[in-house]
Amino acid sequence: MNGYLVAFVIAFLVLLFRNVSFVIAYIPIVKLFFLLKEKKDKNGGSSSEIPVAEKASSLKVYFHELYSGFVAYYLFRLSYTPFHGLRNFVYRYVCGMKLGLNAVIYYGAEVRNPSKIVIGRGSIIGDHSILDGRNGIVIGEDVVFASDVKIWTEQHDHRDPYFRCDTQDHKPVIVDNRSWIGSHTVILHSVHIGEGAVVAAGAVVTHDVPPYTIVAGVPAQKIGERNQDLRYSFNGSHRRFI
């Protein structure tokens, strides 16, 4: 009986820590990636006018795509690491995300381009959300994202003959303090959601939402107003492991 118990404990720990060891082992490689990216951004790096599909193949392009692909895979594995403290450490100090005190990012939330994402104090990002930070995301304090919220800061241009993303003027998505974003909501590029606003579950937000406004539907439209006397703040408490 004791042998079975020992085997069970060992198996449990192996499964629990398999992502942890991966995340820790590759921290230097991922840190270097974001340092190089920061340097490129400061030097005014921009996308080429030539579509990627038509660029001449080269070893440099191949290794760049390989490297960036590995970092994307690393961030995916990180999101399924069952320790909030480790995830937050990597987001803050390895990936360059500005993550406020008591902010919570739940298990399975996919964070793309975290160096361009700001999450304020006490805000909560629900499980299996997607934060696409390519053009920047700024989330205020005490904001609540339910499960499966998607923010997309870029989209393809259906009018462009090359179907590119960089033909439009995209601004960061901004979500102000104490907003509440319902489950399975989609927020598109350049949207500003005002303080205390509520986005109902399943809505698709294509335009700015005024403060303390309740919106719902596809596309999201005003259906009511919220109480403006909001006093709550979150202390960072969360469910363990997830």
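## Parallel sheet

Two strands count as paired when DSSP finds at least two bridges between them. In this predicted model, β1 and strand β4 (residues 117–119) are joined by two bridges and run parallel. Within this pair, Leu99 lies opposite Ile119 of β4.

The pair belongs to an open sheet of five strands. Their order is β1-β4-β7-β10-β13, with parallel pairing. The edges are β1 (98–99) and β13 (192–193), each pairing on one side only.

## Nonpolar core

The largest nonpolar core holds 45 residues. Val90, Ile119, Phe145 and Ile193 have the most contacts inside it. In soluble globular proteins, nonpolar side chains tend to be buried together.

What does Phe145 contact, leaving aside neighbours within four places in sequence? Its partners are Ile124, Ile125, Gly126, Leu131, Ile139, Ile151, Val175 and Ile181.

## Strand β16 and its partners

With strand β14 (residues 198–199), the pairing is parallel, over two bridges. Here Val199 has Val215 of β16 as its bridge partner. With strand β17 (residues 221–225), β16 runs antiparallel, joined by four bridges. Ala216 is bridged to Gln221 in β17.

β16 and β17 make a hairpin with four residues between them. In the turn, Gly217 has a positive phi of about 100°.

Note on methods: Residues are numbered from 1 along each chain as its sequence is written. This is a predicted model: local features need pLDDT of at least 70, side-chain atom pairs count only at pLDDT 80 or more; totals for chains, interfaces and linings use all residues. Side-chain values use heavy atoms; hydrogens and water are left out. A nonpolar core is a set of buried Ala, Val, Leu, Ile, Met, Phe, Trp, Tyr and Cys residues joined through side-chain atoms within 4.5 Å. Buried means under 20% relative accessible area, exposed over 50%, partly exposed in between (1.4 Å probe, protein chains only). Contact means heavy atoms within 4.5 Å.
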